[in-house]
Amino acid sequence: MHPTPKRDRLSSPGPRPHECHPGLPYPMAPGFTSTFTSHRHRMRGETTLWNPGCDHAGIATQVVVEKKLWREQGLNRHQLGREAFLQEVWKWKEEKGDRIYHQLRKLGSSLDWDRACFTMDPKLSAAVTEAFIRLHEEGVIYRSTRLVNWSCTLNSAISDIEVDKKELTGRTLLSVPGYKEKVEFGVLISFAYKVQGSESDEEVVVATTRIETMLGDVAVAVHPRDPRYQHLKGKSVIHPFLSRSLPILFDDFVDMEFGTGAVKITPAHDQNDYEVGQRHGLEAISIMDSQGALISVPPPFLGMPRFEARKAVLAALKERGLFRGIEDNPMVVPLCNRSKDVVEPLLRPQWYVRCGEMARAASAAVARGDLRILPEAHQRTWHAWMDNIRDWCISRQLWWGHRIPAYFVTVNDPAVPPGEDPDGRYWVSGRSEAEACEKAAKEFGVSPDKISLQQDEDVLDTWFSSGLFPFSILGWPNQSEDLSVFYPGTLLETGHDILFFWVARMVMLGLKLTGRLPFREVYLHAIVRDAHGRKMSKSLGNVIDPLDVIHGVSLQGLHDQLLKSNLDPSEVERAKEGQKADFPAGIPECGTDALRFGLCAYTSQGRDINLDVNRILGYRHFCNKLWNATKFALRGLGKGFVPSTTSEPVGHESLVDRWIRSRLTEAVRLSNQGFQAYDFPAVTTAQYSFWLYELCDVYLECLKPVLSGVDQVAAECARQTLYTCLDVGLRLLSPFMPFVTEELFQRLPRRTPQAPPSLCVTPYPEPSECSWRDLEAEAAMELALSITRAVRSLRADYNLIRIWPDCFLEVADEATGALASAVSGYVQALASTGVVAVLALGAPAPQGCAVALASDRCSVHLQLQGLVDPARELGKLQAKRGEAQRQAQRLRERRATVGYPVKVPAKVQEADKAKLQQTEAELRKMDEAIALFQKML
């Protein structure tokens, strides 16, 4: 958000139309940091637009609907037809699309719901078409045949973010869709190519993890300085299954130290090989069709599925005596995260966005400081991506999405040669087919009646329409009041995992199409993982729906949710086991406020969140504490209480009144400072500490004798101070806990009749409003709290329950004595003591006192004489000391064992050391207590 009054816009990720959970980058923002930020800015009186929206999630949605169709009707999309299938998708969207909005409302997200938009809406679709046409006409979008990530199951190109990288340590059998048997990965197979014309039967041995691709080899490459192959310059090797020879190339990209130093080159199926092929002018021969079946190869391999061909090629190499070995090979297997298929690099004609110039502009914006990325550590990643960017493939072979407004041209004129797909001249774009026809006629110099057009069947990458989100939602390309007021936006908040896929593209497209940055700040929040640090996955059973945390759900309820999902039966059983392990008793009801506050308290810039529901439950207890404390405070204020028209002190405040105002001032300062720095844990820590440890644990306890006392002036000052604490404290908490704070705020009397009716539109506390810092009062109360902690420690050591022992304070100087006398009443209230007396300088404490140090200027003597049975306590202590002594001895012997420093893990050694130190400290305290009780006998 930008602190400019009356002009603020918060950009947040358009959530995808699925049921969300916090592990997804999209729902994280709307149910997370954005809601705190927008809430606070509205309280500050700034016109704040937080625009809800969903993108259409092309691949994900199509996969879900296809599975649903097959499960319910036994049909695939091709049997249904494009138009009928799209009707099914829209039907599913209408059923499920509002689920995420329901979650956001339950999370208390204060969006402008009247502006809710969807990337497939007419307004946003028109913007997509306009953007494509403008960029195509300028040459920024072009047609080209290149290697893409291809999912044979989806029959489509996919983006890098839709590719999961599975790391293997060696030979591994993986399940692949469409294959009954598991497929072998993680092995390196070596085979020989015979050198053409060699009289000595010389051979070059190469190795590969994808042996089937050797059918598409067009060369063998070695390093120019490798002495083993210098004599083979200008030579070729013979392909054993094809009627072609493969030239031996010399290229610097080859690693001489890896394997034999010779590598096979398959330009049509490997990115590095493709680049080698481009440098050396090699033909790229595709040997797989879109479904992964082999093409352009001889029998018996022709038509084989790729992984069946893997086994067949290996067997054929062995039969011809060319197999040279197989070994384990650590590798990464790319998997489509939608279909779980192994991604295949395939050459396909696609539409691309030329990114070089736009990326340089985006990188420069960050370098100049025009665009701020937080946490700043991500700026290095930003520049690395922008400096090494490749052109962006934006076409997808799907039906659900924005159909590409481009048309292939056929000219019915013998003077014009027929075009080929990759030839950009034969492609025109248009807002309508009529406009495209006019363009084509003008381009080829013929009349429109000689033009035949065929619109591209493909759709645009979802990220393309999402990249236009900041201005398409405001009516671009039409000039509108919304566009002039709310564009550029001020803050984008999203997950760090889509910094490149979404944020960078919004910046590039915003600069290119509007000439302005779409926002001035980007805050990258954490991604929520489970309590074990694992990514949330339905198949693992560790997904946590925010509504389940809010309302609670039984274990059976979690199981029932799995049955309504798209998981395969085998995955359902696995997920159930995961749910039993993580939530044996289900998920307890925590409420919205606890979830919001807990997520924010978890967050640390640059780190992910390992969400433990039990910690969220702890913040529900904090909500209960707020409720009970405010109810108590309201009783203390009394029915006839009238708050002062101003929060300023009247001048008769007690020491503890001054102290709590000072601590409130600090909480306000830290909250505003934390918001400005997006340091949300600092904000929640400051507010939690003020409410729990200062207002509830100290001030309310000190207030009890004042409110029941006879000094009406002191009581009235205390009530006005208490009201100020409640008023400011609830306003501070409102962005994080909107529901409980609103309910409590409505029970407070108002300072003036003109006060706002709701907490969410009441001014957020600013440091200028609360300027009551009082270091003198804080120093005095710190002494009181130090004495209180010392007394409580002694009470625990000597098991003093429901006993109010007298307390004597030994001070080092008169100033400390005066201060201790001033706070003695507070100590009495906080520590539940009898008399609290300050000893004269040099005077001894009474006999039978336990001693503890409150500070370097003050010692606490707690009277035990007559309150405990010395003989009984002595017996208990001696028995306890004996056990502690034995434990300490066992630890010493363990640490003295031969080989302990070498054999025992470092963490275990540290734990043993810490345990021994703790036990020895307990022994020293026991010895002191034993000595005291022996004197009392």
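Q: What makes the sheet with the order 31-30-33-32 an open one, and how is the pairing described?
A: Its 4 strands run in the order 31-30-33-32, with mixed pairing. Strand 31 (836-838) and strand 32 (849-855) are the edges: each has a single partner strand, so one side of each has no neighbour in the sheet. From one strand to the next, the twist averages 25°. This is a predicted model, where local features need pLDDT of at least 70, side-chain atom pairs count only at pLDDT 80 or more, and totals for chains, interfaces and linings use all residues. Residues are numbered from 1 along each chain as its sequence is written, and side-chain values use heavy atoms, leaving out hydrogens and water.

Q: How do you know that strand 32 and strand 33 pair?
A: Two strands pair if DSSP finds at least two bridges between them. Strand 32 and strand 33 (residues 858-863) have 6 bridges, in the antiparallel sense, so they meet that definition.

Q: What percentage of the chain's residues count as buried?
A: Buried means under 20% relative accessible area, with a 1.4 Å probe and protein chains only. Of the 937 residues, 54% count as buried.

Definitions and conventions: Buried means under 20% relative accessible area, exposed over 50%, partly exposed in between (1.4 Å probe, protein chains only). Helices (H or I, at least four residues) and strands (E, at least two) are DSSP runs, numbered from the N terminus. Axes are lines fitted to C-alpha atoms, for helices over the stretch in contact, and angles run from 0 to 180 degrees between N-to-C directions.
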